[in-house]
Amino acid sequence: MDFFDVVVIGGGSAGYAAASKAQSNGAKVAIIDKGPLGGLCILRGCMPTKTILRSSDVLALMHRAKEFGLSVSNPSADLSLINDRKTRLIKEFASYRIEQLNDPKFKLIEEHASFLSPNKIKVGELVLSAKKFIIATGSTVADFPIPGLSEAGFFTSDDLLELRETPESMVVLGAGPVAVELAQFFCRIGTKTTLIQRSDYILSKGDEDLARPVEKRFREEGMEVYTGTKLLRVEKSRDGRTIIFSHKGIEKSVTASIILQALGRKPNINGLNLPAASVNIDQGRIAVDQEMRTNIPHIFAVGDVNGLHEIVHIAIEQGEIAAHNATQKDLRQFDERLKISITFTDPPVASVGLSEKECKESNIIYLKASYPFDDHGKSLCMGETHGHVKLLCSPSNGEIIGAHVVGPEAGEMIHQMVSLMFFRGTVHDLIKLPYYHPTLSEIFTYPAEELLKKL
Ligand SMILES: Cc1cc2nc3c(=O)[nH]c(=O)nc-3n(C[C@H](O)[C@H](O)[C@H](O)COP(=O)(O)OP(=O)(O)OC[C@H]3O[C@@H](n4cnc5c(N)ncnc54)[C@H](O)[C@@H]3O)c2cc1C
């Protein structure tokens, strides 16, 4: 039986970060990953989706060529070529990660791991023992019991990323980031797309005002968007698959050649045999505290498997925190103050810190101000006028407690607010910063001025 200081189960973003940190703190580390090596972000998540979205974004701009005084004849998409570009890039990203995992500073074992006891795991035919374990086994697509859905057949985001021919029509179930990014991609490359969402607006984890400009753009581009629905059943017919749902109290149906089931993911704990380690499971997720520790003090859980946030930089941060706490005497805690989320639609949506929804849920008093991109010089020059920026600040001292962008380059723009908030910057600081003209970033000065007046 091999003995380690730290055994990390899962070599994705969270697991690799944990192993790397623990090893650099002097621990003897093993990483167990059943493969394929690379992790969700690289193989089937962030990177492949953002690669293909670049193609549909360029295509959408080509369709608008006339507006910019340009002429392009019959722009169209070839999904097999888009897919080839994606595969080429993903291979490069994955091979770099595989090289990192194979570094002799760790012991990489490419097997399935399951617990035998709180201190021992079975790894293929081997038994390993360790002082500390870090579980980083990620997530899988969750099943939703919609009558007839399994029988009719559906695609997941994994399946869609392998398609080489543009589907004629598609119904997208769900409206979280994965659902809306893929819905817009397929709509833009020529698939007749319908999006069906239970909540009253898409991207319902965030504020409603941030979702509306995206819904508007989707509709302008020809997507049918139904919000506030209840899914009733799915039927298979010669024409494809029919979704029957109720919308504003009326029963409706949509038929499409394929269904994308993007209703959500669940922590991947199957096969870990957690009861043998006495690790508590809470509503399908491994419950952890701010130190990323489970109820068993020497077992940690990081990344998608703890179900806190399905966001890769948070998975990495949690991995590093767990590794630190597993190897050092002083303890680190996970801090949500600077939680960032970005959805790469067009217009994209980006947030840092608190939303209005969260403030209201936690009775946090705030001041807010917004400013629209259709009244801003640089966005008018660019022809990117959908959306707005919104700032939330504390009424007592003007500290920015939340910043939100739905509009051009939101994913890049938000990072200046991340920097400001990192240093606990205030509205007064924001006003004092210099801004080059004309830039998209200058737009933040307008809500800042309004907040200053309110303060
Ligand atoms: C379509 C899509 C798009 C996304 N886009 C973004 C984005 O743009 N930005 C963003 O921040 N996030 C995005 N995400 C989310 C992001 O990919 C995940 O939050 C992140 O990759 C999770 O990392 P992880 O390390 O927790 O899990 P994973 O990367 O899934 O790693 C888990 C590893 O554990 C291994 N494993 C599992 N069980 C066992 C076992 N029993 N024994 C041994 N090994 C095991 C697996 O083989 C795997 O390698 C996206 C997700 C999807 C699905």
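F186 is buried, since its relative accessible area is 1%. Buried here stands for under 20% relative accessible area, exposed for over 50%, and partly exposed for what falls in between, with a 1.4 Å probe and protein chains only. F185 also counts as buried, because its relative accessibility is 1%.

Before I go on, a word on where this comes from. The model is predicted, so local features need pLDDT of at least 70 and side-chain atom pairs count only at pLDDT 80 or more, while totals for chains, interfaces and linings use all residues. Residues are numbered from 1 along each chain as its sequence is written, and side-chain values use heavy atoms, with hydrogens and water left out.

Now the aromatic rings. The structure holds six aromatic pairs. Rings of Phe, Tyr and Trp (its six-membered ring) pair if their centres lie within 6.5 Å; planes under 30 degrees apart count as stacked, over 60 as edge-to-face, and the rest as tilted. F185 and F186 form one of these pairs: the ring centres are 4.9 Å apart and the planes stand at 90°, so the pair is edge-to-face. For Y371 and Y446 the centres are 4.2 Å apart and the planes are at 20°, so that pair is stacked. Which parts of the chain does this second pair link? Y371 is in strand β21 (residues 367-372) and Y446 is in helix α15 (residues 445-454), 75 residues apart. Helices (H or I, at least four residues) and strands (E, at least two) are DSSP runs, numbered from the N terminus. Y371 counts as buried because its relative accessibility is 18%, whereas Y446, at 33%, is partly exposed.

K28 lies over the face of F4, 4.9 Å from the ring centre. The rule is that NZ of Lys or CZ of Arg is within 6 Å of the ring centre and within 35 degrees of the ring normal.

Next, helix α8, residues 208-220. Its 13 residues reach 19 Å from the first C-alpha to the last, close to the 18 Å expected; the expected span is 1.5 Å times one less than the number of residues. Which residues of α8 are buried? They are L210, A211, P213, V214, E215, R217 and F218. The cover over them includes α7 (177-188), β10 (224-226), β20 (349-353), β22 (388-393) and β23 (400-406). Just after α8, G222 takes a positive phi of about 105°.

Two single residues now. S169 is in strand β8 (residues 169-173), and it counts as buried because its relative accessibility is 12%. Leaving aside neighbours within four places in sequence, S169 is in contact (heavy atoms within 4.5 Å) with T191, K192, A256, S257 and I258. E162 is in the loop between α6 (157-160) and β8. Is E162 buried or exposed? At 53% relative accessibility, E162 counts as exposed. Not counting residues up to four places away in sequence, E162 touches N83 and K86. E162 and R293 are 131 residues apart in sequence and, C-alpha to C-alpha, 37 Å apart in space.

The largest share of the lining, seven residues, comes from α3.
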